[in-house]
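Have the structure open as you read.

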Amino acid sequence: MNLIAIVCILLSSLFFVAAVFFLIKFQSQKPEAQLRKRLNDMILAAEAERAKNPKLRKNKTPTTVDINQPAEQRPRRRLDTFFERAIRPVITSIEERFQKFTPNEIKLQLEDKIFRAGKMGIWDIKKLITAWCLSIVGCTLLSILAVQGSDIHPLQRIFVIGLGMFMGATVPFAVLNSKIRQRQKSIRKQLPEFLDILCVSVQAGLSFDGAVGKMVRRMQGPLIDEFKRAQNDVALGMTHQYALTNLAKRCDLEEIYLFTTSVIQAEKLGTSMTRTLKVQADNMRDRHRQHVKGEALKAPVKIIFPMVLFIFPSIFVILLFPALLTIVRALGGG
């Protein structure tokens with residue numbers, strides 16, 4: 001019986017791994033994710049070079065080593081910490097092994113999630129792949145331990161183990177999707193105010209880039225970070241059209257797509273940027289107002305379950321308990 005259970009567990013593990021692989025393969029992302037990653041890597045590398053202090057870089061002299069000099073007299077390299085010498089190589093080897101066994105579709109999806117979360121260059125794709133693999137392995141082991149001592153049917157064990165593997169594979173993606181939704185919510189909330197101030201600044205005589213630069217220096221938030229990155233892209237030689245298109249793709253919101261499209265068309269056609277921004281500001285303010293009204297209309301539906309679970313029982317206890325006591329005493333006295 002134990003041999004049959006082990007064989008069933010192995011078969012179920014292979015089946016669910018194959019199912020997840022084919023499911024993700026059929027839902028693969030667009031091939032432009034790789035191009036976006038390469039472009040953002042180049043931009044981040046250029047920004048890192050510009051952020052360095054040129055004076056310190058000029059004053060720094062390279063260390064030369066004479067090959068004819070005895071080994072005892074050569075400058076020795078400073079020893080790293082215990083973590084860098086002993087633990088870091090082990091972690092790196094584990095990450096490389098997980099990289100080999102991870103399908104390319106998973107890598108593309110994680111890269112796209114990082115791109116839309118605005119964490120390109122901050123979150124490492126290797127660490128995310130390692131966390132995804134460890135999540136699958138951990139949930140699978142926990143499900144095996146959960147059904148190890150229980151007397152249930154082998155098919156039920158297979159189902160529990162498969163469910164554990166599926167949860168381990170989907171939890172990291174669920175966390176990333178939650179981060180993306182929170183970021184999109186913050187961007188949608190900040191967009192109307194940003195457009196109002198931008199419209200007033202352009203009406204006051206500033207250019208579009210000048211108004212955006214002034215707001216980027218004085219405001220904070222995820223939307224401001226995206227416009228700051230777009231300005232850096234333009235400073236590195238990218239066109240306004242491509243920089244605004246990348247900004248819309250990173251935010252992945254309908255409002256941002258409408259705004260960037262209108263700005264790009266205004267630049268191409270030579271129409272008034274002031275009028276375009278004023279129309280977009282009014283439109284975004286109306287969309288934000290409608291979104292708030294929609295969320296307010298959802299509140300009565302969302303409050304039903306807390307009322308049924310927590311509020312109604314307490315009300316019933318307060319109102320009906322004295323009546324029940326009175327009825328019991330009347331019946332007992334009679």
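## How the packing is described

Axes here are lines fitted to C-alpha atoms, for helices over the stretch in contact, and the angle between N-to-C directions runs from 0 to 180 degrees. Two packed helices are described by that angle and by the distance between the axes. Please keep in mind that this is a predicted model.

## Helix 5 against helix 7

Start with helix 5, which covers residues 104–116. Its axis lies 9 Å from that of helix 7, and the two pack at an angle of about 25°. Angles under 35 degrees count as roughly parallel, so helix 5 is roughly parallel to helix 7. Their crossing is left-handed.

On the helix 5 side, the contact uses Ile 106, Gln 109, Leu 110, Lys 113 and Arg 116. Facing them from helix 7 are Phe 173, Leu 176, Asn 177, Ile 180, Arg 183 and Gln 184. Sorted by class, the residues of this contact are five nonpolar, three polar and three charged.

## Helix 9 across helix 7

Next comes helix 9, residues 222–235. Helix 7 and helix 9 pack at an angle of about 80°, and their axes are 7 Å apart. Angles of 65 to 115 degrees count as roughly perpendicular, and helix 7 and helix 9 are therefore roughly perpendicular to each other.

Helix 7 brings Arg 183, Ser 186, Ile 187, Gln 190, Leu 191 and Phe 194 to this contact. Helix 9 answers with Pro 222, Leu 223, Ile 224, Glu 226 and Phe 227. The contact of helix 7 with helix 9 has seven nonpolar, two polar and two charged residues.

## Helix 11 alongside helix 7

What is the angle between helix 7 and helix 11? Helix 7 (residues 154–203) and helix 11 (residues 254–269) pack at about 25°, with 10 Å between their axes. That makes helix 7 roughly parallel to helix 11.

Here Ile 187, Arg 188, Leu 191, Leu 195 and Leu 198 of helix 7 meet Glu 255, Ile 256 and Phe 259 of helix 11. The residues of this contact are six nonpolar and two charged, with no polar ones.

Helix 2 (32–51), helix 7 and helix 9 each supply at least two lining residues. Which helix gives the most to this lining? Helix 9 does, with four residues. By class, the lining holds six nonpolar, one polar and seven charged residues.

## The largest cavity

There are two cavities of 30 Å³ or more, and the largest has a volume of about 50 Å³. Its lining is made of Arg 188, Leu 191, Pro 192, Glu 255, Met 284, Arg 287, His 288 and His 291. Three of these residues are nonpolar, two polar and three charged.

Helix 7 and helix 12 (273–302) each supply at least two of the lining residues, and helix 12 gives the most, with four.

Notes: Residues are numbered from 1 along each chain as its sequence is written. This is a predicted model: local features need pLDDT of at least 70, side-chain atom pairs count only at pLDDT 80 or more; totals for chains, interfaces and linings use all residues. Side-chain values use heavy atoms; hydrogens and water are left out. Angles under 35 degrees count as roughly parallel, over 145 as roughly antiparallel, 65 to 115 as roughly perpendicular and the rest as oblique. Contact means heavy atoms within 4.5 Å. Ala, Val, Leu, Ile, Met, Phe, Trp, Tyr, Cys and Pro count as nonpolar, Asp, Glu, Lys and Arg as charged, and the others, Gly among them, as polar. On a 1 Å grid over the protein atoms alone, a cavity is a set of points where a 1.4 Å probe fits but cannot get out, and a pocket is an open set with protein on both sides within 12 Å along at least five of seven lines; lining residues have an atom within 4 Å of a point. Grid points are joined across faces, edges and corners, and a volume is the space filled by probe spheres set on the points. A crossing is left-handed if the near helix is turned anticlockwise from the far one by less than a right angle, and right-handed if clockwise.
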